[in-house]
Amino acid sequence: MVGYHVSDANSYIVVTGGGVQDVKIVKKAWVYPWQKANVISISPFDFEIALQAMTIEKLQFALPAVFTIGPDDEPSALRKYAMLLTGNADGTPASRGATPTQTGRAHVQTIVKGIIEGETRVIVSGMTMEEIFKERQMFKTKIIENVQTELDQFGLKIYNANVKELQDTPGSEYFQFLSRKAHEGASNQAKVDVANARMIGEIGEAEKRGRTRQEISKIDAQTAVLETQRKSEKATADAELSTTQTKLNMQIKLAQIQASRQAESRDAELQREVEIRRAEMELEKMRATELVQSKIKRESAQQVADAKFYTDTKGADGTLYKQKQDAEAAYYRATKEAEATFFAKKKEAEGITEMARAYGQMATVLGGPQGLLQYMMLQNNTYEKLAKANATAINGLQPKISVWTTGAEGAADASAPIRNLFQSLPPLLSTVQEQTGILPPSWMAQMPPPLDNATERALMKKGKNATMNGDGAVH
């Protein structure tokens, strides 16, 4: 049950669940929805048992006893009892709520009964019947100690144990015979005791009468002595009283004289103290006047200093506030500019993304990336720009072209191969010299020095005006 719980004086609250490491045993506590609470009673209960046991002499007897048992009011014992014995006999938890879990439940009594029977039989099996009768207190103490040792593991405590008279088991008359024997012995002993008592009474009576007369005479003599002593003591006391009275009268007169003298002396002292007090008051009055004036001056100076301090402080606060506002305005301006730049870049990126998506769809329509590329080159006049760039690149190169022939076609000439070789060799060597700067060996041909640009242009101009020979060669 969720809420604030308070237990009775003879019970405790056991809390388990969230926030509790194991179990928490308290008198009052808050119980939350994620926790469970159970109330356990620590009231002891009476447990009656009629145990049949056998002594070391193989004598059986019945041992009736009453044990008062309950949970031990110690944290560790209560913890054991709450964890081991607060549930039901079948292992299910006890009902939760305001009703305490009683200590004398059936399964708890079964556990206690088993422990008491086992420990009692162990103790009785090692004792004789005579030892049990003669040492009943030791027998009881052993039973309580051994049973308590076993009950400690359950958090239970024996508050009281009452072992009743031993009884015969069915079919046994051992205690009946012992009782008859004891009765006969007690009867005979009673007769002897009566005779002894009568003799002692007569002797005692005679002794008492003689002692009575002796004590009376002794008391009379002591009384006479005491009367004489009391009279002497009274006379001594009267003399001492008279002497003491005289001394007291003299002391009273001396005290009166001393009191009068002390009063006069005290009056003079008080008069002097009055004058001193009057002088001190005048002095304190003068000091107070000077102190008030100095205090007024100090407070005036303090107010002036405080006013100056206030003015300086407010000026500094104003300067600080202005600098703070300027800094915040600059920060705000920079922030907004950065946000605007970011927004523009973002929109530009979105535009490029949309354009790329449109180009992808266009490539699908045009048959692939190659069709898109050709469309873009036509759209941007790329072919015209390439043609124009190629024309610009070869403009002004002024190439040198040499053309030669091997004669008329169809004419039989045996020296044609040699002539062709010598006709083609000079232009070839000249071209190699012009383009690479490499001269042929001197034994092969003597090449003219290279021409400068002006001479080369003049020769080219002259070559254009040359006429054609009959064999169709151009020189």
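This is a predicted model: local features need pLDDT of at least 70, side-chain atom pairs count only at pLDDT 80 or more; totals for chains, interfaces and linings use all residues.
Y32, by contrast, is partly exposed, with a value of 38%.

## Aromatic pairs

Two aromatic pairs are counted in the model. One of them joins Y4 and W30 in a tilted arrangement, with 5.0 Å between centres and 55 degrees between planes. Because Y4 lies in strand β1 and W30 in strand β4 (residues 28-31), this pair ties together parts that are 26 residues apart in sequence. Y4 is partly exposed at 42% relative accessibility, whereas W30 is exposed at 52%.

Y32 and W34 also pair: their ring centres are 5.2 Å apart and their planes lie at 5 degrees, so the arrangement is stacked.

## A charge over a ring

The ring of Y12 has the charged end of K27 over it, at 4.4 Å from the ring centre.

## The chain as a whole

The protein chain contains nine helices and eight strands. Of its 475 residues, 18% are buried. The accessible surface of the chain is about 36,200 Å², and carbon and sulfur atoms contribute 58% of that area.

Among contacts with a separation of 6 or more, 59% are between residues 24 or more positions apart.

How values were computed. Residues are numbered from 1 along each chain as its sequence is written. Side-chain values use heavy atoms; hydrogens and water are left out. Helices (H or I, at least four residues) and strands (E, at least two) are DSSP runs, numbered from the N terminus. Buried means under 20% relative accessible area, exposed over 50%, partly exposed in between (1.4 Å probe, protein chains only). Contact means heavy atoms within 4.5 Å. Accessible areas come from the Shrake-Rupley method with a 1.4 Å probe; for residues, only the protein chains shown count as cover. Rings of Phe, Tyr and Trp (its six-membered ring) pair if their centres lie within 6.5 Å; planes under 30 degrees apart count as stacked, over 60 as edge-to-face and the rest as tilted. A charge sits over a ring if NZ of Lys or CZ of Arg is within 6 Å of the ring centre and within 35 degrees of the ring normal.
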